[in-house]
Amino acid sequence: MEGETIVALSTPPGESGIAVIRISGARAQETLDGLTGRKTRESHRIYHERLVDEEGRIIDEALVVMMKAPNSYTGEDVVEISCHGGLQVVSEILEAAMRLGVMPAAPGEFTRRAFMSGKLDLAQAEAVADLIASETKLQRQVAIEHLEGGLSKSVREIEERILEHLALVELSIDFTEEELPTYDTNEMTASAEGLVEKLETVLKTDVAGLKLRHGMRITILGARNTGKSSLYNALIGEERAIVSPVPGTTRDLLRERIHIEGFTYYLEDTAGIAETGCEIEARGISIGRRAARGADIVLFVIDGSLEPEESVLDELGRIGGAETLCVLNKKDLGLSLDEEAAAKRLGVERVVAVSALEGTGLNGLRRWIHETSVSGSAADVGRERIAVNARQAEALREVSEGLERFIASAREGAPAELLSADLRSAAESCGLVTGRSVTDDLLDTIFSRFCIGK
Amino acid sequence: MNKIERYEIVVVGGGHAGCEAALAAARMGFETLMVTINKDDIARMPCNPAIGGLAKGQLVREVDALGGEMALNIDETGIQFRMLNRAKGPAVWSPRAQADKARYHERMVRVIMSEELLEVLEAEVVGIGVDSDRASGVIVRGGGRIEAQRVILALGTFPNGLMHIGEESFPGGREGEPPSCGLSDDLASLGIERGRLKTGTPARVERSSVDFSRCLEQPGDDDPSPFSFRTERIDQKQVSCYITHTNQATHDTIRSGLDRSPLYTGRISGVGPRYCPSIEDKVVRFPDRDRHQIFLEPEGIESEEIYINGLSTSLPRDVQEGMIRTVPGLEDARIVRYGYAIEYDFFPPRQIYPSLESRRIGGLYFAGQVNGTSGYEEAAAQGILAGINAGRSIKREKPILLGRAEGYAGVLVDDLVTKEIGEPYRMFTSSAEHRLLLRQDNADERLLKYAVRCRLLPKGQWERMIERRRRINRAAVRIGRERIGAADCNEILEGGGERPVQEPQSAARLLQRPRITIEMIATAMAGPLLELDRGERVALETRVKYEGYIKRQRRMADRLLRLDRMPIPEGFSYDIKALSTEAREKLERFRPVTLGQASRISGVRTSDLSIIMIFLDRMRRDGAPKGAEDARA
């Protein structure tokens with residue numbers, strides 16, 4: 001049995017589907033009691049409960065089951081909560097659990113524990129290790145993507161300021177006999193207050209914003225005039241994009257929410273890719289490509305009535321890690337290659353032929369989107385995104401708490417070593433988001449900025 | 001000398017690491033031999049005439065709690081005692097003392113000579129005797145061979161030492177001493193990898209040629225605190241140090257000599273410490289500073305030499321003279337010795353286990369500068385641990401391995417085996433993430449148990465510590481329980497500039513306010529505090545004031561301990577494709593002995609640890625042999 005109790009969403013994220021949240025470890029039951037405000041349950045029985053946050057506000061109604069060790073997947077005490085699949089709800093339950101002292105599961109953590117408790121056989125060690133490695137890669141990818149959107153600049157700035165303060169305090173401790181700049185408690189307190197405010201804004205806007213975006217993103221990409229906007233309109237079922245036979249009509253990114261089989265997606269239409277001298281259009285194209293790189297699913301649209309050009313293959317190769325489906329549009333005009341021949345030519349597993357104009361083939365496309373999002377890597381990305389979000393929000397709250405303690409200590413005239421302890425814990429929590437290591441950086445900062453040494 | 005001599009433990013080197021190693025070994029009951037090139041060099045201070053300071057003072061207290069000699073030695077031969085950082089909080093209070101260099105050396109020689117099982121031989125060791133990958137003794141110049149079960153290398157800056165002053169370079173171990181050349185090459189031929197580091201020292205000037213009236217006097221503390229838990233009090237008369245500064249003229253002189261500086265002409269290839277740069281480095285790197293601080297420190301009561309702290313240099317002699325004479329107070333200074341830089345070989349410490357035993361050659365231990373550290377105190381801490389662990393391994397006992405939350409000595413060794421040494425390693429308080437737990441006042445509570453277990457200190461020492469802790473506990477209970485009337489409270493609070501209260505309070509509550517000291521509440525709470533001495537009162541005050549912080553750090557330390565308790569067996573293969581490439585390379589390079597150590601190697605991520613755990617578990621379930629866990633750390 002390991003020290004930490006862990007939590008994670010274990011089903012694919014979807015707007016109105018059912019989500020299952022799993023908690024494993026010695027404190028699983030205690031956490032469930034905290035979430036429901038009620039004690040004692042029999043093992044392996046399902047209960048209907050209301051889940052509340054720390055202020056007693058109801059988050060959701062859910063079915064919960066508690067499985068006592070060793071009769072569970074991980075061999076530890078395990079709690080499974082089947083709640084509503086809304087992303088807001090899932091995020092709130094995860095956050096509430098974390099506030100009760102449960103840690104977000106590390107990549108592959110549930111499986112690793114199952115292995116360690118002897119639930120999986122020895123032959124599976126490599127498979128478990130590979131799972132951990134691939135989930136880690138995914139997590140880093142999602143965390144970086146998160147940081148690239150909005151959050152990063154603010155958090156890095158906050159971290160930089162905290163490290164500056166910390167360096168000054170440490171300087172006064174470790175190099176006490178030297179003529180070096182000293183810190184001004186009032187100035188640092190004022191600055192810390194500013195940082196706390198900034199963190200609140202970050203938590204409210206950036207983090208909340210990321211949460212809202214938590215439906216999967218489907219980006220439609222393709223060459224100019226392949227009928228992307230027609231497909232976009234066909235999928236959302238209304239005339240939203242400007243559809244015209246003039247190539248290059250869609251210059252900015254359009255985004256609309258759609259539902260397939262109870263799951264929410266954000267569908268994005270992009271500018272058609274082409275060599276262009278027009279600066280605005282070129283910008284639109286680069287926005288589109290960037291959107292595709294950050295998307296969960298890319299629908300790569302090809303004019304099926306024409307022979308695919310070499311540039312189409314190049315473009316296909318540029319799309320990043322997202323699940324990609326090639327859509328042969330304009331089936332109504334007659335396909336130059338059938339689906340199988342086109343797949344071979346494009347070097348992909350399968351293509352789907354549709355006519356956006358006549359609305360044929362769309363159901364097959366929807367079915368593919370649904371399957372992809374509940375099983376493939378897109379599902380993992382979505383799940384990870386929620387976890388990363390909850391984890392980062394929690395880390396930022398800890399930064400805030402560290403700073404609050406620092407402000408209180410500084411006001412009371414606490415000695416340098418306590419101010420340092422508070423600032424250090426705030427900086428370390430920042431590091432959970434940015435990946436920076438305080439101990440390694442601290443002395444480097446001091447040596448590079450100050451003239452040290454008797 | 002051609003006859004074969006036999007000892008249980010041979011210590012090569014008589015510096016601060018060598019002295020502690022040899023004393024610990026002999027005191028544990030082992031026939032010990034210290035081999036030194038020159039007996040007159042035992043416990044010399046080739047650089048600054050001081051013991052202790054930030055983080056280093058804590059190390060000296062720890063060496064003392066482990067039963068070492070350094071603290072007692074400085075307590076008796078110190079000439080100025082100061083407790084640094086008094087205003088920064090008790091965890092970073094650091095004792096420091098100016099030493100009388102000659103007397104420090106003399107006293108240590110007396111202690112060593114009178115240690116029953118310890119002998120000293122004046123000779124140069126040129127090789128290690130090795131039998132099937134285990135050290136079997138040492139070979140001295142002239143062909144003599146000394147057999148030993150364990151060998152401890154504490155060579156200081158001597159291996160292939162190369163000294164630089166201006167455009168001159170000459171082999172040397174330090175001022176006036178030849179280097180030791182054969183041994184470093186012999187170690188290399190045994191497959192031990194070498195690196196090169198650099199350090200330096202300032203010039204010394206004649207006391208009678210200094211005009212102290214132009215400098216600021218820096219006296220010692222009025223109530224000097226001893227380093228050793230075994231010293232009652234410091235009685236000797238204290239002397240002052242003096243502070244002066246460089247100026248624009250100094251900097252101009254330095255700049256004019258840079259074209260002949262070995263640092264800037266590329267003669268020096270070793271890497272010097274960033275925290276202790278030469279004055280030429282400071283002037284070049286921080287051109288905006290109009291002055292740098294200099295401490296004038298006497299090298300002893302009778303010594304005519306003054307150490308110019310802050311003016312470390314390897315500039316040519318004429319430039320040294322010129323720059324020194326621009327400094328107020330030193331206008332007519334006569335230089336007794338010139339500053340120099342020295343390059344020397346070290347043996348990157350990822351090649352040792354945390355017990356300080358070589359991974360390559362069994363029974364061979366490394367301590368001090370050979371591990372890439374700098375400083376007398378860092379050396380002493382490694383010395384005593386090497387002595388203890390060499391002795392324990394003869395008795396087939398497990399080595400003493402200190403955790404990072406147990407002592408600075410633990411942080412030091414852990415850093416050595418998990419980090420690349422890019423510059424001479426010095427202890428900083430900020431390197432200790434559990435700093436609030438590692439106070440100079442509780443070094444005995446943390447470490448005395450090991451000294452008693454190894455019979456380095458008598459049991460009575462332990463009982464005294466327990467008794468002391470009981471007294472503090474009793475007082476803590478009483479000041480937490482007994483209440484003081486509101487009027488008396490407010491008198492105390494007002495005296496400390498704190499907000500008044502309405503209700504009666506316990507003394508502990510008052511003491512939690514930052515500006516209220518234990519002496520302030522002593523008036524209203526005399527009873528419980530009566531039986532506590534000054535040090536015990538500080539310990540009590542710290543405990544009350546820091547309760548929340550200490551608990552938090554303790555929790556954190558305990559959490560990390562879990563990984564430190566998971567051993568990775570010797571031959572563990574990192575050839576696991578799921579590990580990131582960087583992690584695999586680093587793990588192969590450092591070969592950590594616990595998961596905790598693996599976690600502290602840069603480039604190793606949590607996921608890599610999880611993957612290693614999976615394979616460790618598979619080995620365990622496979623019933624694979626656990627590896628030679630006892631033989632190593």
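**Figure 1. A negative surface patch on chain A of the predicted model.** A:Glu197, A:Glu200, A:Glu398, A:Glu401 and A:Glu404 form a negative surface patch. Patches are made of residues with over 30% relative accessible area and no salt bridge, with like charges joined within 9 Å and nonpolar side chains (Val, Leu, Ile, Met, Phe, Trp, Tyr) within 5 Å. Accessible areas come from the Shrake-Rupley method with a 1.4 Å probe, and for residues only the protein chains shown count as cover. A salt bridge is a side-chain nitrogen of Lys or Arg within 4 Å of a carboxyl oxygen of Asp or Glu. Lys and Arg count as positive and Asp and Glu as negative, while His and the chain ends are not counted; the place of a charge is NZ of Lys, CZ of Arg, CG of Asp or CD of Glu. Helix H5 (185–212) and helix H11 (377–411) of chain A each supply at least two residues of this patch, and H11(A) gives the largest share, three residues. Helices (H or I, at least four residues) and strands (E, at least two) are DSSP runs numbered from the N terminus. A:Glu200 belongs to helix H5 of chain A and counts as partly exposed because its relative accessibility is 42%; buried means under 20% relative accessible area, exposed over 50%, and partly exposed in between (1.4 Å probe, protein chains only).

This is a predicted model, in which local features need pLDDT of at least 70 and side-chain atom pairs count only at pLDDT 80 or more, whereas totals for chains, interfaces and linings use all residues. Residues are numbered from 1 along each chain as its sequence is written, chains are lettered from A and ligands numbered from 1 in the order in which they are written, and side-chain values use heavy atoms, with hydrogens and water left out.

**Figure 2. A positive surface patch on chain A.** The residues of this positive patch are A:Arg283, A:Arg290, A:Arg293 and A:Arg318. Helix H7 (residues 279–294) of chain A gives the most to the patch, with three residues. A:Arg283 is located in helix H7 of chain A.

Figure 3. Chain A has 13 helices and twelve strands, and 56% of its 454 residues count as buried. Six strands form an open sheet with mixed pairing, in the order S3-S4-S5-S2-S1-S6 (chain A). Its edge strands, strand S3 (46–52) and strand S6 (103–104) of chain A, each pair on one side only. Two strands pair if DSSP finds at least two bridges between them. Strand S1 (residues 6–9) and strand S2 (residues 18–24) of chain A run antiparallel and are joined by four bridges; A:Leu9 has A:Ile21 in S2(A) as its bridge partner. The peptide bond from A:Ala69 to A:Pro70 is cis, with omega near 0°. A:Pro70 sits in the loop between strand S4 (58–67) and strand S5 (78–84) of chain A.

Figure 4. Seven of the seven residues of strand S19 (residues 340–346) of chain B are buried. B:Tyr340, B:Ile342, B:Tyr344 and B:Phe346 point one way from S19(B), and B:Ala341, B:Glu343 and B:Asp345 point the other way. In a regular strand the side chains alternate between the two faces of the sheet. Strand S10 (residues 162–165) of chain B pairs with S19(B) in the antiparallel sense over three bridges, with B:Ile342 as the bridge partner of B:Met163. Strand S12 (residues 195–201) of chain B also runs antiparallel to S19(B), joined by seven bridges; here B:Tyr340 is the bridge partner of B:Thr201.

Figure 5. S7(B) and S8(B) run antiparallel and are joined by six bridges, with B:Gly129 opposite B:Gly137 in S8(B). Their hairpin has two residues between the strands, and B:Ser132 takes a positive phi near 35°. B:Asp133, in the loop between strand S7 (125–131) and strand S8 (134–140) of chain B, has a phi near 65°. With 44% relative accessibility, B:Asp133 counts as partly exposed. Five of the seven residues of S8(B) are buried. Three bridges join S8(B) to the antiparallel strand S9 (residues 145–153) of chain B, where B:Glu147 is the bridge partner of B:Gly137. The hairpin of S8(B) and S9(B) has four residues between the strands, and B:Gly142 in the turn has a positive phi of about 100°.
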